[in-house]
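Here are some friendly notes to read with the structure open beside you. Take the points one at a time and find each element as it comes up.

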Amino acid sequence: MNPRPRDRTAELQSDSATACVALSNVSVVYPGQENHPAVQALAGFSLMVREQEFVSLIGPSGCGKSTLLRVVSDLIQPTEGTVEVNGRKPAEARLARDVGFVFQDAALLEWRRILENVSLPLELAQMSRKEREERSRELIELVGLRGFEAAWPRQLSGGMRQRAAIARALATKPRVLLMDEPFGALDQITRDRMNMELVGISEATRATVLFVTHSIREAVLLSDRVVVMSPRPGRIVSVIDVELPRPRSLATREDPRYMDLIRLGAAELEKGYAGHGG
C-alpha cells in the first residue's frame, strides 16, 4: 500500500451534494486588544464532511482546530466564509440540538450526580422527567458507566468523567458530534481504552464526528479521513483517506497499512511546516 493524500478539488466537488458539515472559505480573525495585535486563526478553510463520517483534524498547537469546532457549533462567528450543518446555519442547528460538543475537560457539574449531568440537556429541552431518565440511563450504559448513575463527578476517574461527558453530548441525539481533544489528558492505557469505547459509540449512534487530536496514531485508528492543517493561520495541507477495514480494534495498529498512514501523516505535517516557512 502506498497511501496518498486526496486531491482537494475533487473532494469538494464529489462531497458537496452529501455534506453533513460544509465549510466554504472560512476565515476567523480574533481582534486585537490593547498591545496585542489581531490574530488570524483560520484562512480560507473549506471542507465537506459526509453523513456518518468520522473526520479527524490534526496540526500544530494554535493552528485553529478548536476554533473550527467552535465555528461549527455556533460558539463563535467566522470573519469570512459560510458554514452549514445539515443544510442549516450553525445557529439553527444549535437551536435544533443537532450538534453535541465534548470539550478537552469533561466540565461536569460537581453538584449534580452523573445521571443528572447526563440528563441536563434533556432537562433544558423540557423533556418529561421519566423520558429523560430513561434516555440518560440508556446513554450511561452505552458509555460503560452502568452502576455509577448516583455517583458524584469527583468520585470518577478522568476516563470515566469523559465517558459521562460523551453521554451528555449524545443526550439529544445530535447528528453531529464535535470532540476537542477529549482524551488528551489521559494516560496511554486509559486513552487506548477510550479510543475503543469511542469506536463502539460511533458505530452505535451513527453520528457524524469531527475529532481534534494531536496524535497521528489516534487519528488514523479512529477516522475515515484525516485532515492535516498548517501552522496558524490554519489551512488544509492535505486530506488523507484511511482505507482500513472496520470495525477497528487495537490490533488494527499491527496492520502494515496503518503504519504507512502514520508515516504519510507525519510527512504531510512536515510539509505544512515547510510551506509555512517554519
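How are H4 and H5 set relative to each other? Keep that question in mind as you go through the points, and remember throughout that this is a predicted model.

1. **The helix pair.** Find helix H4, residues 114-124, and helix H5, residues 129-142. Their axes come within 9 Å and cross at roughly 125°. Angles from 65 to 115 degrees would count as roughly perpendicular and those over 145 as roughly antiparallel, so H4 and H5 are oblique to each other. The crossing is right-handed.

2. **What touches what.** On the H4 side of this contact you will find Ile114, Leu115, Val118, Ser119, Leu122 and Glu123. They meet Arg132, Glu133, Arg135, Ser136, Arg137, Leu139 and Ile140 in H5. Sorted by class, the contact is made of six nonpolar, two polar and five charged residues.

3. Side chains of opposite charge can pair when their charged atoms come close. Arg112 and Glu123 give you an example: their side chains form a salt bridge, with 2.7 Å from N to O. Arg112 lies in the loop between strand E6 (99-102) and H4, while Glu123 belongs to helix H4 itself, so the pair links distant parts of the chain, 11 residues apart. The count for the model comes to 19 salt bridges.

4. **The sheet.** Now turn to the strands. Three of them form an open sheet in the order E3-E2-E5, with antiparallel pairing.

5. **Pairing, strand by strand.** Strands of a sheet pair through backbone hydrogen bonds, either parallel or antiparallel. Strand E2, residues 19-30, pairs with E3 over eight antiparallel bridges. Along this pairing, Val26 stands opposite Phe45 in E3, and Val29 has Gln40 in E3 as its bridge partner. E2 is also joined to E5, again antiparallel, by five bridges. There, Leu23 stands opposite Val83 in E5.

6. **A helix on the sheet.** Finally, look for helix H2, residues 65-72, which packs on the sheet and touches E2, E3 and E5. The direction of H2 makes about 120° with that of E2.

Technical notes: Residues are numbered from 1 along each chain as its sequence is written. This is a predicted model: local features need pLDDT of at least 70, side-chain atom pairs count only at pLDDT 80 or more; totals for chains, interfaces and linings use all residues. Side-chain values use heavy atoms; hydrogens and water are left out. Two strands pair if DSSP finds at least two bridges between them. Helices (H or I, at least four residues) and strands (E, at least two) are DSSP runs, numbered from the N terminus. Contact means heavy atoms within 4.5 Å. Axes are lines fitted to C-alpha atoms, for helices over the stretch in contact, and angles run from 0 to 180 degrees between N-to-C directions. Angles under 35 degrees count as roughly parallel, over 145 as roughly antiparallel, 65 to 115 as roughly perpendicular and the rest as oblique. A crossing is left-handed if the near helix is turned anticlockwise from the far one by less than a right angle, and right-handed if clockwise. Ala, Val, Leu, Ile, Met, Phe, Trp, Tyr, Cys and Pro count as nonpolar, Asp, Glu, Lys and Arg as charged, and the others, Gly among them, as polar. A salt bridge is a side-chain nitrogen of Lys or Arg within 4 Å of a carboxyl oxygen of Asp or Glu.
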